[in-house]
Amino acid sequence: MTINVAVAGAGAFGIKHLEAIRTIDGIRVTSLVGRERAKTEAVAAKFGVPHATADLAETLKMKDIDAVILCTPTPMHASQAIACLQAGKHVQVEIPLCDALEDGQAVVAAAKAAGRVAMCGHTRRFNPSHQWVRQRILRGEFHIQQMNVQTYFFRRSNMNALGQPRSWTDHLLWHHAAHTVDLFAYQTGSPVVRANAVAGPLHPTLGIAMDMGIQLKADNGAICTLSLSFNNDGPLGTFFRYIGDSGTYIARYDDLVNGKEEKIDVSQVAVSMNGIELQDREFFAAIHEDREPNASVAQVLPCYEVLHQLEQQLR
């Protein structure tokens, strides 16, 4: 059965999903939604998408669309996910699920009421590097004692991953910390029971903290230290150091090395080295198999409960 999917968002991440879907059999993108119609039509033409619009509501009325992938600005995620579910569509919303806990809770409730697959793009669960570590954990060969994570970007102006002006403001806590808070609980298999945060000064025009430090402790005793910055002038990205009882591993997106910087081959972990593609494959497989996906909105909600606690501390 072919799954007809709409992608909402014609920017950097929408394009990543369009590229990933090209590699997956039985999936057809039938609508592309974007903020700027001319740009959206150009991206749609490039990827052979027959329908382009600036109005998500228009797409949700299309009876032949089974699912929607939301790659839209963070403040829209929760309300748009609910709209998709209420329209009877399966939905994958890019990380973060929400930027306020009550909105995330509303999405979980809407997914339950609709009986549709609802997933959040917590890509670190799917990157082959992190999957390799998880397989060792599940076999009982590795137990995490500490994770040390650095999330560093240079964003003193409001630009996206393609260097284009953003219509909204990114956030260290509600977006970038969400990756690590969720991954830490997922990999340790233990809920976060203590969380502390400190933040640097607010940016004078963006109004957000540009530097942040977070400490987490899981119920099983494992700890995590996360450093985040929008002031870092390279190298850019997120670097995960797993310190365990039988080794040390450093994950840089889809690459993995041990503590001696010796490369670990993760090419056979999954059918692709592309975390976004693997994430999308899980979404479509869950639809086909009528099951809860890995990184369902219900599974990731505890992450946003922790972020909410940290936000209260910082206030």
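Leaving aside its neighbours within four places in sequence, which residues is G200 in contact with?

## A first look at G200

G200 is in contact with A209 and D211, once neighbours within four places in sequence are left aside; contact here means heavy atoms within 4.5 Å. This is a predicted model, in which local features need pLDDT of at least 70 and side-chain atom pairs count only at pLDDT 80 or more, while totals for chains, interfaces and linings use all residues. Residues are numbered from 1 along each chain as its sequence is written, and side-chain values use heavy atoms, with hydrogens and water left out.

You can find G200 in the loop between β8 (192-199) and β9 (211-218). Helices (H or I, at least four residues) and strands (E, at least two) are DSSP runs, numbered from the N terminus. G200 has a relative accessible area of 25%, so it is partly exposed; buried means under 20% relative accessible area, exposed means over 50%, and partly exposed is in between (1.4 Å probe, protein chains only).

## How α6 meets α7

Two packed helices are described by the angle between their axes and the distance between the axes. Helix α6 (residues 128-138) packs with helix α7 (residues 172-188) at an angle of about 30°, and their axes are 10 Å apart. The angle makes α6 roughly parallel to α7. Axes are lines fitted to C-alpha atoms, for helices over the stretch in contact, and angles run from 0 to 180 degrees between N-to-C directions. Under 35 degrees counts as roughly parallel, over 145 as roughly antiparallel, 65 to 115 as roughly perpendicular, and the rest as oblique.

On the α6 side, H130, V133, R134 and I137 meet L183, Y186 and Q187 of α7. By class, this contact of α6 with α7 has four nonpolar, two polar and one charged residues. Ala, Val, Leu, Ile, Met, Phe, Trp, Tyr, Cys and Pro count as nonpolar, Asp, Glu, Lys and Arg as charged, and the others, Gly among them, as polar.

Why is α6 described as largely enclosed by the rest of the structure? Eight of the 11 residues of α6 are buried, so the helix is largely enclosed. The buried residues are P128, S129, H130, W132, V133, R134, R136 and I137. They pack against β7 (144-152), α7, β11 (237-244), β12 (248-252), β13 (255-258) and α8 (275-289). After α6 comes G140, with a positive phi near 80°.

In α7, L173, W174, A177, A178, V181 and D182 meet V300, C303, Y304, V306, L307, H308, L310, E311 and L314 in α9. Sorted by class, the contact of α7 with α9 has 12 nonpolar, one polar and two charged residues.

The largest nonpolar core has 101 residues, and those with the most contacts inside it are I214, F284, Y304 and L307. Helix α7 gives the most to this core, with nine residues. A nonpolar core is a set of buried Ala, Val, Leu, Ile, Met, Phe, Trp, Tyr and Cys residues joined through side-chain atoms within 4.5 Å. Leaving aside neighbours within four places in sequence, I214 is in contact with L173, A177, N196, A197, C224, T225, L226, L228 and L310.

## Backbone details to look for

Most residues other than glycine have a negative phi, and most peptide bonds are trans. A cis peptide bond joins I95 and P96, with omega about 5°, and P96 lies in the loop between β5 (90-94) and α5 (101-114). Another cis peptide bond joins G234 and P235, with omega about -10°; P235 is in the loop between β10 (223-229) and β11.

Y253 is a residue other than glycine with a positive phi, near 55°, and Y253 lies in the loop between β12 and β13. E261 is not a glycine either, yet its phi is positive, about 65°. The place of E261 is the loop between β13 and α8, and its relative accessible area of 45% makes E261 partly exposed.
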